[in-house]
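Please read the points alongside the sequence and coordinates.

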Amino acid sequence: MDAINQLVAKNLKKLRMERGLSQDDLARVSGISKSMLVQIERGTANPSLSTLQKLVNGMQVPFDALLRRPETHYKLVRLSEVEPILGGDGKIKNYTLFPDDENRHFSVYRIEAVPGAFWQAAPHMKKTIEFITVFGGALELTIEGDGQTSVFRLAEGDSIRFQADLEHSYRNISGETLIFHNILFVSGKIF
């Protein structure tokens, strides 16, 4: 399996060039320094979740467009072989199980977070819906939109669906590792 930084490097350069963006252009629209962008495109940087989110928002592509692997007739995913993207100062591991493709419009992630971990997510692309199912621990999900804040507490076995093009955050409110699957669905054409 490709190392995640090499996969991101290849996909980032391809997406940037398809959109006719120079490195300076992408640095400006994403808020990432050009030197960091160069390191990411070379595969020498290990970008955080927030850095990747800024890049995809700047290019207006789904998050996992940076994680796309070559297509095959089947896809077997072994968690032990998936390199996680770290967030929340290393307290959160985001495993890309099934990245989106141009025809499917959804992706599947496994998220693991240590007790007390917090992650503020930037709004995803317009028309993105998130589906979460908790498999261990307890999740506090906060969604901000239309001038109101909604807070949901999910225990093992609970699921929720919400508009993910709004500000939202995740917090492990249990004393054990929080484990949840996250499906991102983008309605309509994404590329």
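In this note, a residue is called buried if its relative accessible area is under 20%, and exposed if that area is over 50%. The model under discussion is predicted.

1. Aromatic pairs. The structure holds two aromatic pairs. In one of them, the ring centres of Trp 119 and Tyr 170 lie 5.1 Å apart with the planes at 35°, so this pair is tilted. The pair links distant parts of the chain, as Trp 119 belongs to strand 4 (residues 118–121) and Tyr 170 to strand 9 (residues 167–172), 51 residues apart. Trp 119 and Tyr 170 are both buried.

2. The pair of Tyr 170 and Phe 180. Here the ring centres are 5.7 Å apart and the planes stand at 25°; the pair is therefore stacked, since planes under 30 degrees apart count as such. Tyr 170 is in strand 9 and Phe 180 in strand 10 (residues 178–186), so the pair ties together parts ten residues apart in sequence.

3. Burial of the rings. The relative accessible area of Tyr 170 is 4%, which places this residue in the buried class. Phe 180 also counts as buried, at 1% relative accessibility. Ring pairs join Trp 119, Tyr 170 and Phe 180 into a cluster.

4. Helix 1 against helix 3. How are helix 1 and helix 3 oriented to each other? Helix 1 (residues 4–18) packs on helix 3 (residues 34–42) at an angle of about 115°, and their axes are 6 Å apart. The two helices are thus roughly perpendicular, because that class covers angles from 65 to 115 degrees. On the side of helix 1, the contact is made by Asn 5, Gln 6, Val 8, Ala 9, Leu 12, Lys 13 and Arg 16; helix 3 contributes Leu 37, Ile 40, Glu 41 and Arg 42. By class, this contact comprises five nonpolar, two polar and four charged residues.

5. Helix 1 against helix 4. For helix 1 and helix 4 (residues 49–59), the packing angle is about 20° and the axes are 11 Å apart. These helices are therefore roughly parallel to each other, and their crossing is left-handed. Val 8, Leu 12, Leu 15 and Arg 16 of helix 1 meet Leu 52, Leu 55 and Met 59 of helix 4. The contact has six nonpolar residues, no polar residues and one charged residue.

6. Residues of helix 1 in both contacts. Val 8, Leu 12 and Arg 16 take part in the contact with helix 3 and also in the contact with helix 4.

How values were computed: Residues are numbered from 1 along each chain as its sequence is written. This is a predicted model: local features need pLDDT of at least 70, side-chain atom pairs count only at pLDDT 80 or more; totals for chains, interfaces and linings use all residues. Side-chain values use heavy atoms; hydrogens and water are left out. Axes are lines fitted to C-alpha atoms, for helices over the stretch in contact, and angles run from 0 to 180 degrees between N-to-C directions. Helices (H or I, at least four residues) and strands (E, at least two) are DSSP runs, numbered from the N terminus. Angles under 35 degrees count as roughly parallel, over 145 as roughly antiparallel, 65 to 115 as roughly perpendicular and the rest as oblique. Contact means heavy atoms within 4.5 Å. Ala, Val, Leu, Ile, Met, Phe, Trp, Tyr, Cys and Pro count as nonpolar, Asp, Glu, Lys and Arg as charged, and the others, Gly among them, as polar. A crossing is left-handed if the near helix is turned anticlockwise from the far one by less than a right angle, and right-handed if clockwise. Rings of Phe, Tyr and Trp (its six-membered ring) pair if their centres lie within 6.5 Å; planes under 30 degrees apart count as stacked, over 60 as edge-to-face and the rest as tilted. Buried means under 20% relative accessible area, exposed over 50%, partly exposed in between (1.4 Å probe, protein chains only).
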